[in-house]
Amino acid sequence: MKKNEYHVVGVMSGTSLDGIDLVEANFYFDDSWRFEIVRAETISYNKKWQQKLAGLVSLSLEELRGIDKGYTVFLAEVIKDFIKKNNIKNIDAVCSHGHTALHQPDKKLTLQIGNLPKITEILNETVVCNFRAQDVELGGQGAPLVPIGDKLLFPEYDYCLNLGGFANISTEMNNERIAYDICPVNIVLNHYVRELGFGFDDGGQIASKGEVNTLLLTELNALDFYAEKPPKSLGLEWVKKTVFPLIDNFELETRDILKTVVEHIAIQISSQIASKNNATILITGGGAYNTYLINRIKSYSEQNIVIPENKVVEFKEALIFGFLGVLKLRNEVNCFQSVTGASKDHSSGEVFLP
C-alpha cells in the first residue's frame, strides 16, 4: 500500500571523493511532493579508501568485484554509525547510490560498489540501491538520475545545475525532462590542487591568481564530447584518457591550470543555460562554494542564479537518491527515457529486505 509520508536515509558517494554524504529526510505527498532534511553529514574517506577509490578505473572487473565486498561492509558500517549516533528510528528504507567504479554505458557496463545484499544484513533495514544498472540494461546512459527529483522536488526552477565531480543540468524542454552532463568540474580542479597539498581550491582563490592559457582553453572547448547531443554522460575514465593528458602536455603552473579550467567550465555551462530568457538557475554541489567559478559563470550569462541554503547545496544528491528509493518502493517511475536514452521510462533500483 502506498503511503503519503516516508522517512528515509539517503546515501551518496561522488566521483570527487569528498566523502560519503548521508541525509535523514522526510518526504510528503499531497498532490505534489515536499521534503524535509532532518539532518545531514559528510563522512570523509580515510587515506586507504581514498587511494583505493581513486585507482578503481585501472582495475579489472574481477578486482572490482573483490573491492565491492569490502566497500559494501565499510559503507554499511558508516551508515549504521550515522543511524545509531543520531538515534534514527522507524526508517522506511536506506536508499544508497554506492560509489561508481565503472561506467561505460556504450558497452552496457556500469558498476556501483557498495550495493551487495550484505548491506541489508548489516543494517537490518530495507535497502534500495543499485539505481543505474537497469537503465543501462534498457539501453540508457544510467545517468544522470537526479532529474526526477529536480522535476518533482524543485519545480520552481528553470534549470537545476549541479557542480560536483561533473557539472550536470536538467530542465523541461518540449514538455519533457532532459538532463545531461556538461563538463568535468571538481574531478579536474581537485586533482590539480592536490599537487599543492590542498583538498580543493577554497573559493577559487588559487585559480583567481592564475593566467588563462588560451591555447589550452581552445583545445578543451574543442573536445568531441561538447559537440554531441544529449543524452550523454561523463565518467572518470574519459577524464583520465582525454582531459588529464591534454592538460599535462602544456606543463603549466597549477594556478594557471586551475584558472584555464575554470574559464572552460564557465564557457561550457553558460552555453547550456542561454536558451531561456530570464531563467532561474538553482546551483548545488561543492562547486557552488567556488565563488570565483560562480562569478565567471555570471560574467558569461545574465540569468538569475540562485544558491540555496547549505544543506541543499551539499546534500541535494543524497536527498534525491533517498527520493529515488521512495519512488521505487511505490513502484513509480524514477528514471526518464528522455533523460538517459533508455527504451522506456522505468522504476529503477533493487530492494533488499531485512
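Colleague: How do S9 and S10 pair, and over how many bridges?

Modeller: S9 and S10 pair in the antiparallel sense over eight bridges, where two strands count as paired if DSSP finds at least two bridges between them, and where helices (H or I, at least four residues) and strands (E, at least two) are DSSP runs numbered from the N terminus. One of the pairs joins Ile 169 to its bridge partner in S10, Tyr 180. This is a predicted model, in which local features need pLDDT of at least 70 and side-chain atom pairs count only at pLDDT 80 or more, while totals for chains, interfaces and linings use all residues. Residues are numbered from 1 along each chain as its sequence is written, and side-chain values use heavy atoms, with hydrogens and water left out.

Colleague: What does Asn 174 do in that hairpin?

Modeller: Asn 174 takes a positive phi near 50° in the hairpin of S9 and S10, which has two residues between the strands.

Colleague: Which sheet do they sit in, and what is its strand order?

Modeller: They belong to an open sheet of five strands with mixed pairing, in the order S10-S9-S8-S11-S12. Strand S10 (176–184) and strand S12 (304–306) are at the edges with a single partner strand each, so one side of each is left without a neighbour in the sheet. From one strand to the next the twist averages 20°, with axes taken as lines fitted to C-alpha atoms, for helices over the stretch in contact, and angles running from 0 to 180 degrees between N-to-C directions.

Colleague: Is S10 largely enclosed or open, then, and why?

Modeller: S10 is largely enclosed by the rest of the structure, because eight of its nine residues are buried, meaning under 20% relative accessible area with a 1.4 Å probe and protein chains only, as against exposed at over 50% and partly exposed in between.

Colleague: And what about S8 and S9?

Modeller: Strand S8 (residues 159–163) and strand S9 (residues 166–173) run antiparallel and are joined by five bridges, and Leu 163 stands opposite Ala 167 in S9. Helix H11 (residues 291–300) packs on the sheet, touching S8, strand S11 (280–284) and S12, and its direction makes about 145° with that of S8; contact here means heavy atoms within 4.5 Å.

Colleague: Switching to helices, how many residues of H6 are buried?

Modeller: Seven of the eight residues of H6 are buried, among them Ile 187, Leu 189 and Tyr 192. The cover over these buried residues includes S8, S9, S10, helix H7 (205–208), H9 and helix H10 (254–272).

Colleague: At what angle do H6 and H9 pack?

Modeller: Helix H6 (residues 186–193) and helix H9 (residues 236–248) pack at about 50°, with their axes 11 Å apart. That makes H6 oblique to H9, since angles under 35 degrees count as roughly parallel, over 145 as roughly antiparallel, 65 to 115 as roughly perpendicular and the rest as oblique. Ile 187, Val 188, His 191 and Tyr 192 in H6 meet residues of H9 including Leu 236, Val 243 and Phe 244.

Colleague: And which residues of H8 meet H9?

Modeller: Leu 216, Glu 219 and Leu 220 in H8 meet Val 243, Leu 246 and Ile 247 in H9. Helix H8 (residues 214–221) packs with H9 at an angle of about 165°, their axes being 10 Å apart, and that makes H8 roughly antiparallel to H9.
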